[in-house]
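Keep the viewer open as you read.

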Amino acid sequence: MIDIFMDKFLTIGLEHFLILSGTLFFIGLFAVLAKKNVIAVLMGIEIMFTSVNINLIAFNRYTAAEALLTGHVFAIFVIALAAAEVAVGLALIISIYRQRTSTDVQDFDWLKW
Amino acid sequence: MDINLTYLMPEIATALLAVLVLLVGLLVPKEKRHALGYVLALGLIAILVFSFQYYGLNKTVAFNTFAVDDFAVFFKQLFLIAAVLVVLSSTMYVKKMNGNYEFYIITVVALLGMMVLASAADMLTLYIALETMAISFYILAGYKTDQKSAEAGIKYLILGAVSSAVFLYGLSLVYGMTGTTVIAEIAGKVQDLSALSPALILGLLFILAGLGFKISLIPFQMWTPDVYEGAPTPVTTFLATGSKAACFAVLARILLVALPDYSTHWQFLVAVLAALSMIIGNLVAIPQTNIKRMLAYSSIGQAGYIITGILALNTAGVTALSFYSLVYVLSTIAAFAVVMTFSAQTGSDEIKDYAGLAQRSPFMAAVLTISMLSMAGIPPLAGFVGKLYLFKSIVTQGYLWLVIIGLVMSMISVYYYLRVTKVMYMVKPLDKEPVTVPLGAKCTLFLTMLALLVFGVYAQPISMLANMAGSALLP
């Protein structure tokens, strides 16, 4: 019984990657919701995007037919777009930091939620 | 296996126009750069006229990634109309920013994202187009150098990025379960899955949540009032019209083309989200004192009405969705153009400052009243015809309860729309100075008002195009 369990557990398969990516996704979501510093929030968003990349590449490796690399190409585009998103994010953070000398999300309260 | 670029001409022309105006702008002296808006508007109108010849092609080109069907063309024209009207009415705004004409260019890039989004037939194309549009809007929302605008920008960026991560996770699950990213092929692969796949359901939920955020359905609406209030008003206008309409198109394409076999799973969910958006959007709009916040909540309610068109699962539903999207875009632009002109001159967005607008500028007061009555669905305006199409398409599918909620909420919306009208016509103005309307805004106001009045009594041409769009998506 233990043997079968260990065997299943130790042979790396699709499930392992999906569990990893699911965990990362929720760690990222937690960072977005719980962190006070807006830079840390951006990092959380990056973790969420990374989890998607793991998903895409694992699916491509284990389920895609023939030698199609759709998942890999998708992941490269996700990396590029996430970088663009962060560039704009940092620019906006600098602009708001100049006005309020703070990067704490709780200080961004000029507009009522 | 080569790509015929003629199918992509409207997009290529839009991109070239943006680059061209960006370069030409450097030669124009700073104080005249706001006039580039007129050049840009003319160029966009030319593309709009040109795009009519793409009706009736109904093809998928460029390795199954790009659909040139009537549905996509209809929505592209809708975005072009929205962009022309927004660019025309924002000339005064750019003038006030010392001719900072990059504002126009980013607007056109957002438009380009929307146009590709309407045509996207592959999940990768779809995602890239969605991000092109979204990133442009993050920049635009934080464009003004005041505190509110920067805050609106950063709030929209954080929440928008989270929503696109969720959306992307959903896409990756759908890709993993079906092994393809082509939207039309997903339907076939889903049929092969004999048992119900939990991962696919999860992917569907995530996609729905990601797009629900962009069209601000309840419970993903929390960003809407803040961003609408804080962003520069021309940006709010484009965000409320183009970006939303683009996401309606994508939602319809994903749900009706890729996942019609799972309709038993998403239909009830979409119906509940629509009902909640109508109820909460319209009720929370009542106590608002800022007109931009009030219009934000009203647009949440409107989004609820529009997505009911998806529930019908037939051509009539998609036709109604396309038609009402156009009417919604026109009436929202009319209302925001008034708000834009008013706040540029008086510096206020508070409803109480609209007192006596009927005396200070009868034209603006009339346009605002007509656009609001159209949103509420009062005959003989275009909004009434749109709502009629929508409700007719779902009532035959057993959604009588949703129609009743929709009608009751329309009645309630008349209350807060008429409250603004009452302030404009009945209350005496504190400041008697007339409000002058600049040329660009005058064109926008006149055209939208005319369209709302004409399409209300003579909807034939538009409903014919909408019908072509509907039958292209769901034959």
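Three helices of chain B each give at least two residues to the lining of the largest cavity: helix 7, helix 8 (183-192) and helix 11 (233-258). The model is a predicted one, and a search of the whole of it turns up 1 cavity of 30 Å³ or more. The space inside the largest cavity comes to about 40 Å³. To find the spot in your viewer, select B:M123, B:L171, B:V174, B:I183, B:I186, B:I207, B:I254, B:A258 and B:L259, which line the largest cavity.

The largest pocket holds about 640 Å³ of space. It has 25 lining residues, and those closest to the centre of the pocket are A:V32, A:L33, B:I158, B:L159 and B:M222. Both chains take part: helix 2 (14-34) of chain A, along with helix 7 (147-178) and helix 9 (198-214) of chain B, are the elements that give two or more residues to the lining of the largest pocket. Which element supplies the largest share of that lining? Helix 7 of chain B does, with 7 residues. By type, the lining of the largest pocket splits into 18 nonpolar, 3 polar and 4 charged residues.

Next, look at how the two chains meet. In chain A, 43 residues are in contact with 42 residues of chain B. Together the chains bury about 3,800 Å², and carbon and sulfur atoms account for 76% of that area. How many salt bridges are there between chain A and chain B? The count is 1, and the pair is A:R100 with B:E151, whose side chains meet with an N to O distance of 2.9 Å. The interface also has 7 residue pairs in polar contact, with both residues at pLDDT 80 or more. On the side of chain A that touches chain B, helix 2, helix 3 (38-62) and helix 4 (70-100) of chain A each supply at least two residues. Helix 4 of chain A gives the most, 17 residues. That side of chain A is made up of 28 nonpolar, 11 polar and 4 charged residues.

Over all chains, the search finds 9 salt bridges. One to inspect joins B:K76 and B:E11, with their closest N and O atoms 2.8 Å apart. B:K76 sits in helix 3 (residues 70-89) of chain B and B:E11 in helix 1 (residues 9-25) of chain B, so this pair ties together parts that are 65 residues apart in sequence.

Finally, a few backbone details. Most peptide bonds are trans, and most residues other than glycine have a negative phi. The bond from B:I218 to B:P219 is cis, with omega near 5 degrees, and B:P219 lies in the loop between helix 9 and helix 10 (224-230) of chain B. Another cis peptide bond joins B:P379 and B:P380, with omega about 5 degrees; B:P380 is in the loop between helix 16 (362-376) and helix 17 (382-395) of chain B. In chain A, A:T101 has a positive phi, near 40 degrees, and is located in the segment after helix 4 of chain A.

Technical notes: Residues numbered from 1 in each chain as written. Chains lettered and ligands numbered in written order. Predicted model: local features only at pLDDT ≥ 70, side-chain atom pairs only at ≥ 80, totals over all residues. Heavy atoms only, no water. 1 Å grid on protein atoms, 1.4 Å probe; cavity = no way out; pocket = protein on both sides within 12 Å on 5 of 7 lines; lining within 4 Å. Points joined across faces, edges and corners; volume = space filled by probe spheres on them. Helix = DSSP H or I, 4+ residues; strand = E, 2+ residues; numbered from the N terminus. Nonpolar A, V, L, I, M, F, W, Y, C, P; charged D, E, K, R; others polar. Contact = heavy atoms within 4.5 Å. Buried area = accessible area lost by both parts, 1.4 Å probe. Salt bridge = Lys/Arg side-chain N within 4 Å of Asp/Glu carboxyl O. Polar contact = N/O pair within 3.5 Å; in protein donor to acceptor, adjacent residues only side chain to side chain.
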